[in-house]
Amino acid sequence: MSYLMKHLPHIGGLTLQHLALVGTGLAIALLIAVPLGVFTARTPRYGPPVFGLAGVVYTIPSLALLAVAVKYLGLGFWPVVLVLAAYAQFILIRNIAAAIAGVPAAQIDAAKGLGLSGWQRFTRVEIPLAAPALLGALRLTTIALIAIATLGGYVGAGGLGSEIFFGLQRQYIEETLAGSIPAAVLAILADAFFRTLERAALRKSG
Amino acid sequence: MTWDDLLLHARAYVALASAALALGMLAGIPLGAASSHVRALRTPVLTLVNIGRVVPSLAMLTFMVPLFGLGFRPALAALALLAIPPIAINADLAFRGVPAAALDAAAGMGMTRTQRFARVEWPLAFPLLFTGVRTAATEVIASAVLAAFIGAGGLGEYVTTGLQADQPKWLWTGVAAIAVIALAVEFALAFTQRRLEKGR
């Protein structure tokens, strides 16, 4: 712990890098997963092939995917972001589809009866009602991405993983723990943060 | 790189993952059974288990190094700890989902507590419990690759050597073997689960 205390500013910088990796990966993942999730919720017969493909990617251990990405895209930030975005698809698409499909049909009919357009129904009825489940999907994805982003340290993308791997190479466990303890804390805080939002959304929509 | 070498590494990888999964079941199922039966245990067990589920696997592996040094033992301990949460959470849900009427009927038939557990609760809880084991297996198989970083060997070594020494052959062999094993286990477990659900 003394190493961690002595290098606090450095660890803080690595934490920000870590969050940048996770944030960028998550943002790109959402650009793909939200349309796909809504689409599979509306047309359930396309669910199995979409979930199947995303599931195959999800089942392959992340280090193997990352190694392939690094082989073709080189070291650094973007290959890691790409792997994070690919890995997030399964959790996101499946949960977004389930959340949207779980909105009661009666509510949608009522919105139609009020004369709301398709887009209005989506933004004012479906999204608010699905919000707790959507936040749950974000929570699970964020936690998974924080974990996978630690591997970024191995391929020159920085983040808390770089401290972990420097320490392992030098067999200096204090340095390793200065990366892995903050990574664990970050994941626990992200979990708590999204759980709080989920509870607030549940109160509002319930 | 030879076939023998690949088999040796694959065997070490599978042995590590299955030993960890077995330990995870040994600890996780009783934990879930306890938390579902004893009200006072539920919150502390589920809180602890949730923290265990959230901690990144690479971090969990490194946490075991000060306790066990480098090698197989810290990897086994870390992977077992990663396997416990999904198993315990599902076991808790599974046992709590057993209908009270079924238990009452069994008691009315004169079954003892042990008989009720073995013949009523366990069979009814099993399919959901199995889902937890399946989640844990996916997690352990992915994390067992990372065990190479703390000196536990296995197929992860092919990937790390392939990247560090820029040896595409090693890299691809490792990636392919890992992907094949992970997908094969996933398909086998998904198949088993479908059969279990049909048998209900």
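Predicted model: local features only at pLDDT ≥ 70, side-chain atom pairs only at ≥ 80, totals over all residues.
Residues are numbered from 1 along each chain as its sequence is written, while chains are lettered from A and ligands numbered from 1 in the order in which they are written.

**Entry: the helix pair**

I looked up the axes of H2(B) and H5(B), residues 72-96, and found that they come within 8 Å and cross at roughly 135 degrees. Axes here are lines fitted to C-alpha atoms, for helices over the stretch in contact, and angles run from 0 to 180 degrees between N-to-C directions. The crossing is left-handed, meaning that the near helix is turned anticlockwise from the far one by less than a right angle.

Which residues of H2(B) make the contact? I listed Val45(B), Leu46(B), Val49(B), Gly52(B) and Arg53(B). From H5(B), I noted several partners, including Leu81(B), Ile84(B) and Asp92(B). Two residues are in contact if their C-beta atoms, placed from the backbone, lie within 7 Å.

I sorted the residues of this contact into 9 nonpolar, 1 polar and 2 charged. Ala, Val, Leu, Ile, Met, Phe, Trp, Tyr, Cys and Pro count as nonpolar, Asp, Glu, Lys and Arg as charged, and the others, Gly among them, as polar.

**Entry: the chain as a whole**

I found 9 helices and 0 strands in chain B; helices (H or I, at least four residues) and strands (E, at least two) are DSSP runs, numbered from the N terminus. The C-alpha trace spans about 70 × 40 × 20 Å along its principal axes.

**Entry: the side facing chain A**

I saw that 29 residues of chain B are in contact with 27 residues of chain A. Which element gives the most to that side of chain B? I found that H9(B) does, with 8 residues. The residues on this side divide into 23 nonpolar, 5 polar and 1 charged.

**Entry: confidence**

I noted a mean pLDDT of 90 for chain B, with 98% of its residues at 70 or more; pLDDT is the predictor's confidence in each residue, from 0 to 100. For the complex, the predictor gives an ipTM of 0.89 and a pTM of 0.91.
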